[in-house]
Each structure stands twice: as structure tokens, then as C-alpha cells.
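Hi there,

Here is the structure I promised to pass on to you. Please have a look at it, and then read on for what turned up.

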Amino acid sequence: MSRPTLRAIVVGAGGLGRVWIETIQDFEETEVVGIVDVRPEAAESAAQDAELSGIHVGDNLIEALDEVHPDFVVDVTIPSVHHEVVIPSLEWGVPVLGEKPMTDSLEKARAMVAASERSGKLYMVSQSRRFDPNLFAFRELIRRDAGLPLGILNADFYIGHHMETFRHGLEHVLLLDMGVHIFDKARFISGEEPVAVYCEDFNPSWSWLQGMSSASAIFEMTSNLRFTFSGSWVSEGHHTSWQSEWRAVGPDGTVTWDGLTEPVAEIALAPEPGTRLSQFESRTLGAIPEVEQQFAGSLREFVRALRTGETPMGECHDNIKTLAMALGAIQSAETGQRVPISLE
Ligand SMILES: NC(=O)c1ccc[n+]([C@@H]2O[C@H](COP(=O)([O-])OP(=O)(O)OC[C@H]3O[C@@H](n4cnc5c(N)ncnc54)[C@H](O)[C@@H]3O)[C@@H](O)[C@H]2O)c1
């Protein structure tokens, strides 16, 4: 017997809103029944381009909720206003799948988590970059071959991005925008949580971005792990992958991942007598095929949670820890101090 289709309102019909409309329409268990944007013409043109007629299109979220009674809301507005979509939706009584970063301050984030608790409705943040078969393989290879706990984890992200949209106005654009993806993956890969951070962010002389385009950060994580991150949005040539380049060092060896292809482990074998350096054996695992990519994977995770009541990846009580890493790094960059990261 086929399961009832879950009906969604998409709020925010900008660049990524259109991707979400397509993703929801493409998934056999979901459909778009409303599009809301403070720019009603953007909502209208997104509906037309997706060939959706007869759905609710407008600029008022509550009116849309009252008219359509959706099964869930997808929030694809900009970070500074996510709370203005998420809290009223939860209070109205509908679960929310929201874009990253959860928001731009811990105060707003705590209010969003509290709204989820009060309403008893799920609020999941879509960290789409977790949904990658090679990332799952990297995580698995670390556990199988390098061993836990990790002692060292490093991520490098270098892409020259001539970006438009709201990102231009973000003061700490690398840390709050792409940083959130990378910090979230560090938590996922290592299984550890942030303790403290020291970070500097800056603009090289040629930067075409107003906000801080480049950063270096050292996170202390639980189990004495050090996670180091360096990256830039204004680095031309020798780009890394969008997933970053990773190195994870555990008690038994090292796993590297270029963010694109199969991760590779090198496991230490005992040094030959009289030599100082270990021998190594290379091991691979292959991508974990059942992991669906990016937004489709994230939507499937959310729908599974709605249907089963299980807690999905990115549930707000968990995702606020990812946001705390980004906001801690920003606070450190602004104050020049090492900042403890409070998860309370
Ligand atoms: N997961 C990813 O890989 C990924 C990629 C791109 C963007 N994003 C995230 O998606 C979100 C949107 O990004 P974008 O690139 O589409 O931005 P965008 O600026 O292109 O679109 C945002 C839209 O939201 C609308 N909007 C603003 N305030 C609103 C409100 N209060 N109510 C209703 N609509 C409102 C704007 O009019 C605009 O149409 C951001 O949080 C961004 O970080 C994630």
C-alpha cells in the first residue's frame, strides 16, 4: 500500500529555494503545496518555473499555513531571519526542515530549540553535505582502521567563489556559511563535541568579498582531539573539493579523503628491527552506496523521522552544537581570545 504524500510549504524562493522545490517534487513521498517569499514575485516565478499551478503562492506564512494545512515547512530564507519562519511554524503546529546555518546567534538558536520543545514538533536543520556516500565511508574507515578516539583531524577548504546573494553582507562569511558545513562534518566524522576554539579570520589584500573570506581555527574537542581548519573563499587555483580535503589520525594509522573520491587508510605495521619508521598497509572501503546525495538525502532523513518518530541527523538539539562551533570561532576572531564553547 502506498504511503500518503506529505505536503510541504517552501518559505524562501531564492537560489536554493528553487532547488528544494525540485527536490520535494522529485521525491515520491512529498509534494509542494505552497511557496512563500517576502518578495511575492519570486514565489510566483518559482511556482511557474516548476510548473506548479493551483498551489498557494504568497508573502504571508501564517495565511499560507491556515489555508494549506501542510505536513511540513521547509525554511530556505536567509540565516538572520530563519527564526522568524521556524518559530511561528512550530507554534502553528507543523514540523520544520530548515536550511543551515540554524541562525546567526545562540540566543535566537535557543529560542528555536525551545519552540520545538514547547510545540513537540520536529525541527531539523538540513546539513546537506553530510549526505555523501564517500563521507560515510571516511567515517567508517576511521572506525575500522585508524581507530578511535581520533587525536588529530584536519580540514582544508580553498575555493575562489565570486558569490552573490545574502552572503555578501555576512561579516564572517567563511565561518558562518561554509564553516558550518565543515564543523558539522568534523563532529560527524570524529563523534566528538567542541570544547574550545582559537580562531583568526581575515581578508587577503586581493579579496573581492567584504566579509572575512579566510580563516584558520584550532578547536579542542572532547577526548583531547584537536580539529584544525583552514580555508578561504578567495583562493584561486588548486581548488580543493567543496567537501574540503581531510586528514584523520587515530591510534593505528591515518585516513585521508579528498572530498571527492574514495577515502584511503594507511595503517601502521611494526617497524622492521633496526629501522625507525613504520611500514604501512593501504586500505579502502568504497563509497557506502545506500547514502543518498545532498538535499535528497536530507529530505529522506526528515521524512523517515516524521514517519517513524526517530530522531534524525540535524535535529535542532544536536545541530545547535554545530552552530556553537561557528559562533565560538567568530567570537574568538573578534576578541583575539581562546573561547570556551558552551553547549548549554
Ligand atoms: N546546504 C547548502 O549547500 C546550501 C547552499 C546554498 C544555500 N544554503 C542556505 O539556504 C538559505 C538560502 O540561501 P539562498 O542562496 O537561496 O539565498 P537567496 O538570497 O537566494 O534566497 C533567500 C530568499 O528568502 C527570501 N526571504 C528573506 N526573508 C524572508 C522571510 N522573512 N520570509 C520569506 N522569505 C524571505 C528572499 O526574498 C529570497 O528570495 C541560506 O540559509 C543558505 O545558507 C545552503
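P101 is found in the loop that runs between β5 (96-99) and α5 (106-119). In this predicted model, the peptide bond leading from K100 into P101 is cis, with omega near -15 degrees. A cis peptide bond also joins L148 and P149, where omega is about -5 degrees; P149 belongs to the loop between α6 (133-146) and β7 (152-158).

H69, although not a glycine, has a positive phi of about 45 degrees, and its place is the loop between α3 (61-68) and β4 (72-75). H238 is another non-glycine residue with a positive phi, near 50 degrees; H238 lies between β10 (226-232) and β11 (245-250), in the loop there.

In total 25 residues surround the ligand, the closest being L16, D37, R39, K100 and S128. By class, the shell has 11 nonpolar, eight polar and six charged residues.

As for polar atoms, an oxygen atom of the ligand is 3.3 Å from a polar backbone atom of T77, and a backbone N or O atom of G14 lies 3.4 Å from a ligand oxygen atom. On the side-chain side, an N or O atom of E99 is 3.4 Å from a nitrogen atom of the ligand. Taken alone, the ligand exposes 860 Å², and the protein buries 86% of that.

Best wishes

Notes:
Residues numbered from 1 in each chain as written. Predicted model: local features only at pLDDT ≥ 70, side-chain atom pairs only at ≥ 80, totals over all residues. Heavy atoms only, no water. Near = heavy atom within 4 Å. Polar contact = N/O pair within 3.5 Å; in protein donor to acceptor, adjacent residues only side chain to side chain. Areas by Shrake-Rupley, 256 points an atom, 1.4 Å probe, with all protein chains shown as cover. Nonpolar A, V, L, I, M, F, W, Y, C, P; charged D, E, K, R; others polar. Helix = DSSP H or I, 4+ residues; strand = E, 2+ residues; numbered from the N terminus.
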